[in-house]
Protein chains: 2
Amino acid sequence: MDLKTHLAEQKDIVDSRITELAQGWLKSDSRNGALRAAMGYSLTAGGKRIRPILAMAAYRGCGGGDSRAWRAAVALELIHTYTLIHDDLPSMDDDDFRRGKPTCHRKYGVRTATLAGSSMLLAAFEELACCCSELALSDQVSDRVLASVASAVGGGGVIGGQVVDLESERREIGRDTLHYIHSHKTAALLRVSCTLGGMLAAADERQLAALASYGEDIGLAFQIVDDLLDVEGDSAQLGKTAGADQARGKATFPTLYGLAESRKLAAEAVKRACTVLGRHKLDPDGVLAALARFILERSS
Amino acid sequence: MDLKTHLAEQKDIVDSRITELAQGWLKSDSRNGALRAAMGYSLTAGGKRIRPILAMAAYRGCGGGDSRAWRAAVALELIHTYTLIHDDLPSMDDDDFRRGKPTCHRKYGVRTATLAGSSMLLAAFEELACCCSELALSDQVSDRVLASVASAVGGGGVIGGQVVDLESERREIGRDTLHYIHSHKTAALLRVSCTLGGMLAAADERQLAALASYGEDIGLAFQIVDDLLDVEGDSAQLGKTAGADQARGKATFPTLYGLAESRKLAAEAVKRACTVLGRHKLDPDGVLAALARFILERSS
């Protein structure tokens, strides 16, 4: 399988569904055009669309074959975009650029950006619930899907990680805190993207645990590579300012483990992720393993 | 039925469940204590708990009798509290006091307040999904519950109303815009509180439409009374600054309709709400009608 072609095809599907959603929002209500425009702006600003692609790969790996599942997968990208909009706010990371473009609040103001982020989060839950309904999932499964996603994003997941991350700026932290931050801030959403795909395909508990373990490991690799790119990368290619972590006094994998050890940790995580997949036969066409390697080797 | 006693009993149930939730959050994760504390602070700051009480009254009115439904009803209070925390932020209404206490961001900072609000919203969806699962609702009903609530709060509901409200400050607006704002910002959540109760009790479409109409009308009355109290009320009793609307240059029902006409509009809305209930026999013990009258006659 040629991963590059596959990823490009899958990304096109996500992008076209996102364009459709954003156009629908704009048409739905002439009164709050700025809100809808801000939502569309951030959602169509690019991105690798890793989370929906992961979810669909896990869905297929567990035997799912209904293309209507894309609707739930794309909801994960809405959630991811919500986290980016709010993370960039002046009271959070205070970032001016994201993917080479002004951040949402730089373009639309803090007020509209805050509301656009929350509105995106709510749209994601609406999409998730509608998708579960369309797929006519068996009793309890859709409740579990919704509860898992809410839990992964909330105070015990992404938001909890963001809090500890912000509290740790310009402080010395230990490796356990670093792992806590990234297991929550980055890995939680990647992990639930994988298990969501499994749940939609009625995977059993053993398969769901394997998908969670795979998601946790690629989340760790993803974050380490992010930290490495911040040190070694090129601002233009990254679409954001390289060296931002250091400027902000953030502890990162390179600062706590060194460059060589960080690279080794990331490679080991990806290896573990691929081993779990193989053991549970969750990746017949090799897409999930290829995605894990892609995360390791990416340069932006 | 003595409404005062009934409301006090129902409020006690909500309050004790909320205390339990907040204590559970504090215990769940020692790492982000400030987030959990901020969530608990705003959630236990008082309030009439109208939304969960309405939901349970509608639930019983449609024949529901399972006390586990409280879990979904209380989720509405989490959502309401999320809207209050974010509405008070400096980039929104910039309020210093709420219910006689410093607002969340005045006590915990903008960053923590923003994250605590979002985390509360996500906790609400988790509670809703868990409640639907516990009640073992028939296929599709729980998806509809989740989608309706997300839709009522998002860009087509509460948030949409908030956007237009903020955009309208210090501008001349017409009556249609005033109605748009309050139908979305205030009524949407009250309306979905009523229909949520109905859905949990497997109400039919006719009953749901009646509950929505009742919710819309009491939402209108609620907002008009709020505006009137801002003009005529007492800051100490309100727990917030009376006259705030005028200071902020907000168009209100009294400014666009005058005091007498506003009072008449509110009374008519409550009358309509009670008529709908009677026509559909949705209020055997009279709680919903009593609640509507309570909303009209409240002084804080």
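What radius of gyration would a compact globule with 300 residues have, and what does chain A have? A compact globule of that length would come near 19 Å, and chain A has 18 Å, which agrees. The model shown in these views is predicted.

**View 1. Chain A as a whole.** Chain A contains 15 helices and two strands. Along the principal axes, its C-alpha atoms fill a box of roughly 55 × 50 × 35 Å. Of the 300 residues in chain A, 53% count as buried. Among the contacts in chain A with a separation of 6 or more, 71% are between residues 24 or more positions apart.

**View 2. Helix α3 of chain A.** Helix α3 of chain A runs over residues 50-61 and has twelve residues. From the first C-alpha to the last, α3(A) reaches 16 Å, close to the 16 Å expected at 1.5 Å a residue. After α3(A) comes A:Gly63, which has a positive phi, near 95 degrees.

View 3. How many of the twelve residues of α3(A) are buried? Eleven of them are, so that the helix is mostly covered. A residue counts as buried if 20 or more other C-beta atoms lie within 10 Å of its own. The buried residues of α3(A) include A:Ile50, A:Arg51, A:Pro52, A:Tyr59 and A:Gly61. Also buried are A:Ile53, A:Leu54, A:Ala55, A:Met56, A:Ala57 and A:Ala58. Among the elements of chain A that cover these residues are α1 (3-28) and α4 (70-88). Other parts of the cover include α9 (175-200), α10 (205-232) and α15 (287-297) of chain A.

**View 4. The contact between chain A and chain B, seen on chain B.** The contact takes 47 residues from chain B and 47 residues from chain A. On chain B, at least two residues of the side that touches chain A come from each of α1 (3-28), α2 (33-43), α6 (110-134), α7 (141-153) and α8 (158-167). Of these, α6(B) gives the most, with 14 residues. By residue type, the side of chain B that touches chain A divides into 23 nonpolar, 16 polar and eight charged.

**View 5. The two copies together.** Chain B superposes on chain A by a rotation of 180 degrees with 0.0 Å of shift along its axis, and the RMSD is 0.0 Å. The two copies are therefore related as by a two-fold rotation axis. The same surface serves both copies, as 100% of the contact residues of chain B recur in chain A.

Conventions
Residues are numbered from 1 along each chain as its sequence is written. Chains are lettered from A and ligands numbered from 1 in the order in which they are written. This is a predicted model: local features need pLDDT of at least 70, side-chain atom pairs count only at pLDDT 80 or more; totals for chains, interfaces and linings use all residues. Two residues are in contact if their C-beta atoms, placed from the backbone, lie within 7 Å. Helices (H or I, at least four residues) and strands (E, at least two) are DSSP runs, numbered from the N terminus. Ala, Val, Leu, Ile, Met, Phe, Trp, Tyr, Cys and Pro count as nonpolar, Asp, Glu, Lys and Arg as charged, and the others, Gly among them, as polar. Copies are superposed by least squares on the C-alpha atoms of residues with pLDDT of at least 70 in both. The expected span of a helix is 1.5 Å times one less than its number of residues. The radius of gyration is taken over C-alpha atoms; the globule rule is 2.2 Å times the number of residues to the power 0.38.
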